[in-house]
Amino acid sequence: MARNIVVEPIKFQSVREMRVELVERKGVGHPDYIADSASEAASRALCEYYLKEFGTILHHNLDKTLLVGGQANPRFGGGEVIEPVYIVVAGRATTEIKAGDRVEKVPFGSIIVKAVKKWIRENMRFLNPEEHVVVDYMVRKGSADLVAVFETGKQQIPLANDTSIGVGFYPLTPLEQLVLETERLLNSREYKSKMPAVGEDVKVMGLRKDKSIKLTVAAAFIDSQVKDIGEYLNYKQQVVEDILNLASKIVPDYNVEVNVNTADMPDKGIVYLTVTGTSAEHGDDGATGRGNRANGLITPMRPISLEATAGKNPVNHVGKIYNVLAEILARKIYDVSSDYVRDVYVEILSQIGKPIDNPQVVSIKVIPLDFSRSELPSNIVSEIEGIVNDELNSIKNITRMILESRVSLY
């Protein structure tokens with residue numbers, strides 16, 4: 001198959017060489033992350049049901065979840081949730097199957113509610129899905145044309161559900177790696193055992209100016225795990241020290257400053273305290289697609305896709321599949337070309353109704369180590385084209401990788 005693969009060096013300053021760099025990550029308990037997770041958990045559960053009952057994944061897209069924040073009264077020693085968080089999973093799905101003279105209904109409502117509550121139970125220690133959250137759904141049948149596209153491609157190469165762009169890049173800059181690992185540290189099981197007072201709602205904003213890095217971290221603390229404001233301040237200082245220790249390993253050559261919960265006004269008794277570990281308990285809202293991109297970061301200095309990866313079906317929705325594929329390609333291409341390039345950018349454009357293994361274009365842009373080179377060596381270009389073709393030839397494997405949680409989505 002002749003594919004439209006374009007490999008080109010670009011004379012563009014690498015992000016790591018810019019004087020100013022900005023990176024963000026929204027952590028597990030952030031309302032936007034919860035919304036993404038609700039969409040994805042619901043989609044995975046539907047996939048499991050479809051496979052078990054019908055032997056194949058049927059058409060669905062549940063990528064329009066809205067989280068409406070509740071109301072809470074946190075206080076040292078333990079407060080209460082006054083008004084629950086409201087989560088509504090919205091989208092389209094196959095809600096019934098015609099089998100001869102009968103129609104078999106899909107219990108999509110109970111599937112979605114159970115899946116979202118299960119995710120909350122497994123990922124949030126103090127947010128009780130039965131007491132603190134109302135999970136709802138607003139799901140309708142898919143449009144006839146998109147269902148037809150899905151069904152037509154089911155027995156062969158799936159046909160694209162949309163015309164959209166997937167974007168990936170590699171490698172990460174030191175700041176990007178630090179921001180990613182900071183949130184992962186604070187939300188790791190080991191850290192929760194050591195510091196149970198730190199909630200799951202952790203947002204990390206990174207600023208680098210030349211060789212100086214400033215991290216601004218918003219970390220929700222659990223009121224029942226903190227006895228008074230003195231203990232809160234001690235815990236907060238411990239978080240700062242733990243992040244600085246992590247930074248010394250990841251960015252040893254940078255001057256790093258860490259600020260945690262900068263809106264605190266201890267003298268007025270105002271600190272970032274929560275009952276459940278998430279700001280969603282008291283008015284902070286969330287929506288699918290407003291959080292991290294497929295590599296787990298929000299990177300305004302890089303090309304990015306605005307497509308939400310969460311909740312889209314993993315069979316033919318290129319808004320999901322191509323973002324995952326672009327990340328995979330960027331890593332593999334960098335591995336074979338790192339002697340020649342600083343950065344690899346991958347952009348993949350689909351066309352609705354066309355086979356997903358033959359996109360309109362796969363654009364590979366590389367920032368060369370040597371700007372005097374107008375082209376990459378021909379053998380490297382051939383190897384890059386081979387990687388792209390290999391991955392597109394096996395593109396259906398991405399569905400399984402997604403279902404088995406072997407790739408990052410947000």
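1. Quick convention to start: "buried" means under 20% relative accessible area, "exposed" over 50%, and "partly exposed" in between, using a 1.4 Å probe and protein chains only. At 13% relative accessibility, Asp264 counts as buried, and Lys236, at 14%, counts as buried too.

2. Ground rules for the rest. This is a predicted model, where local features need pLDDT of at least 70 and side-chain atom pairs count only at pLDDT 80 or more, while totals for chains, interfaces and linings use all residues. Residues are numbered from 1 along each chain as its sequence is written, and side-chain values use heavy atoms, with hydrogens and water left out.

3. Asp264 and Lys236 form a salt bridge, 3.0 Å from N to O (a side-chain nitrogen of Lys or Arg within 4 Å of a carboxyl oxygen of Asp or Glu). The two partners sit 28 residues apart, with Asp264 in the loop between strands S14 (255-260) and S15 (273-274) and Lys236 in helix H6 (229-250). Helices (H or I, at least four residues) and strands (E, at least two) are DSSP runs, numbered from the N terminus.

4. In total, the structure holds 31 salt bridges. One of them joins the side chains of Arg342 and Glu17 at 2.7 Å, N to O. This pair spans 325 residues: Arg342 is in strand S17 (341-349), and Glu17 is in the loop between strands S1 (5-9) and S2 (20-26). Glu17 is partly exposed, at 37% relative accessible area.

5. Arg302 and Glu176 also pair up, with their closest N and O atoms 2.9 Å apart. Arg302 comes from the loop between strand S16 (286-287) and helix H7 (318-337), Glu176 from helix H4 (174-186), 126 residues apart. Both are buried. They belong to a salt-bridge network that also takes in Arg16 and Asp343.

6. On to the largest pocket, at about 610 Å³. On a 1 Å grid over the protein atoms alone, a pocket is an open set of points with protein on both sides within 12 Å along at least five of seven lines, and lining residues have an atom within 4 Å of a point. Grid points are joined across faces, edges and corners, and the volume is the space filled by probe spheres set on the points.

7. Who lines the largest pocket? There are 22 residues, with Glu40, Arg44, Trp119, Ser405 and Tyr410 nearest its centre. Helix H1 gives the most to this lining, 7 residues.

Definitions and conventions:
1 Å grid on protein atoms, 1.4 Å probe; cavity = no way out; pocket = protein on both sides within 12 Å on 5 of 7 lines; lining within 4 Å.
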